[in-house]
Amino acid sequence: MTAPARSPAPRPANARHRTPPRPPRWGMRLATVAAVAVLGTSGIGHAVVSGLSGGIGRVDAFEGLSNRPDGGRGMNVLLVGTDGRDRITEDERRRYRLGGTACHCTDTILLVHLSADRERATVVGLPRDTYTEIPERADEFGRVRPAHPQKLNAAYAEGGPGLTVRSVERLTGLHVDHYMEVDFTSFMRTVDAVGGVRVCTVRPLKDAYSGLDLPAGTSNLDGGQALQYVRSRHLDGAADLGRMQRQQRFLASLMHKAADGGVLLNPVKFQEVASSVVGSVRADRGFGTDELVDLGRAMRNLTPASTEFMSVPIAVADYPVPNVGSTVRWDDAAAGKLFQSLREDRPVGSAPGSPHHTQDAKQPAEGNQPPAAAVDVAPERIHVQVLNGSGRPGLARGADQALRATGFLTTGLPADAPPPAIKHTTITYDPRWDRSARSLATALPGAELRPAPGQGPLMKVVLGEDFTDVRPVRAGEPDRPDRIPVVTGDQAVCPEQT
């Protein structure tokens, strides 16, 4: 996969001459889509929307772009969340663990496809750490920067909205029709304006990093609590993938609340909500009043069941790149099918494979596979590195494939452990991800669990002489669609909301 060269267009005001420090790994996926949901409300018409359009900041996201993909049916909107904390109050910084300074860099990239008949929407999350290559290009001073591998979010840091658009178009083959970006301040204001959003969880959720502390069951979150919910990534070994699932659920509930709460049909309520968003929204210059009204009409037609949520299919979740670090490598074949469906304006359904449906994953023969054991954390949310400490050649590769076949996000890079050989299989894990470690141990009967504080979400398995096989496992939670690559809005909201 490659990313495009940057056109020598004027540098956006918030772009950097250097790559900024890595931003906090907490998301804005919902903030941008919330902006679309509240700004585009239909039934309101030009009278209200035209007054709001002037408050939206403008960027030249398409100026100077060339060799772009052909436009397909429907409309594609690139939604980018930026780390803008300069408007957060000191009280909010303390209450919601929002310390630090704004870096004006991307933390979330979403591609939203609205069907030509405006009856269907597909929201695809593009991992910020996606591996790509930024090709040779000239900067605003005419200096040539050679091609280099990077993460997708670096496109914004290096070239602003224009390079971000080109990077996404090159990676997906889709023509981007409009561009929007917001910061998370507007996200909190939007949630408060609609009266809070309901979420449900089968167990208590507590994250010391974000400050999230929710009981099991149903909770109604205000803006600050909602931000904690969507940015938490230390609840278990799923890290960003688990966070993306929570964000999908939150967005579905937000859309449900906006529709059922009358926001989409009440001009007074609409203006209250929209006014809380536009001050921190930036969009391309072609995204004006007519486009907002058109988008609003589309939002009016959408139902939870007609809205799809998914992440781009992943082949390797922890793909190391020299001088770049750990990146995310896409499953090119499955991702190609997904974006082909969008180009053809077709529902994605369940066609793209989940992360463990990769080329080198060996599936057990039908009828020979033992019943899957229920585990607390879905295997699709657990990252695993496999090492061979037994001394038996090829053991790590087979175990890596078997773990991936039952759903675990293995690195796909098995290796030999340093000598000497060990007798018993071990799993080292960070105690913060103990639930994930126990779920992995179910798939490796007899493995010893060894806590390693500070190790992070990656589980490390060292196969011993006693290793025989991998036991199939499955998620034990009935309300979490871990094995559904595509989740519709009606599957994501709390049961009492459907």
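Student: Start with Phe250. Is Phe250 buried or exposed?
Tutor: Phe250 counts as buried, because its relative accessibility is 0%. Buried means under 20% relative accessible area, exposed means over 50%, and partly exposed is in between (1.4 Å probe, protein chains only). Before we go on, this is a predicted model: local features need pLDDT of at least 70, side-chain atom pairs count only at pLDDT 80 or more, and totals for chains, interfaces and linings use all residues. Residues are numbered from 1 along each chain as its sequence is written, and side-chain values use heavy atoms, with hydrogens and water left out.

Student: How many aromatic pairs does a search of the whole structure find?
Tutor: Three. Rings of Phe, Tyr and Trp (its six-membered ring) pair if their centres lie within 6.5 Å; planes under 30 degrees apart count as stacked, over 60 as edge-to-face and the rest as tilted.

Student: What about Tyr131 and Tyr319: how far apart are the ring centres?
Tutor: They are 5.7 Å apart, and the planes are at 65°, so this pair is edge-to-face. Tyr131 sits in strand E5 (residues 131-134) and Tyr319 in strand E16 (residues 314-321), so the pair links distant parts of the chain, 188 residues apart. Helices (H or I, at least four residues) and strands (E, at least two) are DSSP runs, numbered from the N terminus. Tyr131 counts as buried at 15% relative accessibility, while Tyr319 counts as partly exposed at 25%.

Student: And which kind of pair do Tyr229 and Phe250 form?
Tutor: A tilted one, because the planes are at 40°, with ring centres 6.2 Å apart. Tyr229 is in helix H6 (residues 223-231) and Phe250 in helix H7 (residues 239-260), so the pair ties together parts that are 21 residues apart in sequence. Tyr229 counts as buried too, at 2% relative accessibility.

Student: Back to Tyr319. What lies over its face?
Tutor: Arg329, at 4.9 Å from the ring centre. A charge sits over a ring if NZ of Lys or CZ of Arg is within 6 Å of the ring centre and within 35 degrees of the ring normal.

Student: New topic. Which residues touch the most other members in the largest nonpolar core?
Tutor: Leu78, Leu126, Tyr179, Trp330 and Phe339, out of 29 residues in that core. Elements that each supply at least two of its residues include strand E2 (75-82), helix H4 (154-172) and helix H10 (332-343). A second, separate core has 26 residues, among them Ala373 and Trp433. A nonpolar core is a set of buried Ala, Val, Leu, Ile, Met, Phe, Trp, Tyr and Cys residues joined through side-chain atoms within 4.5 Å.

Student: How is strand E4 joined to E15?
Tutor: Five bridges join E4 (residues 121-125) to E15, and the two run parallel. Strands pair if DSSP finds at least two bridges between them. Val123 stands opposite Phe309 in E15. In E15 (residues 307-311), four of the five residues are buried.

Student: Where is the cis peptide bond?
Tutor: From Pro419 to Pro420, with omega near 5°. Pro420 lies in the loop between strand E21 (415-416) and strand E22 (426-429).

Student: What is the phi of Asn67?
Tutor: Near 55°, a positive value in a residue other than glycine. Asn67 is exposed, with a relative accessible area of 77%.
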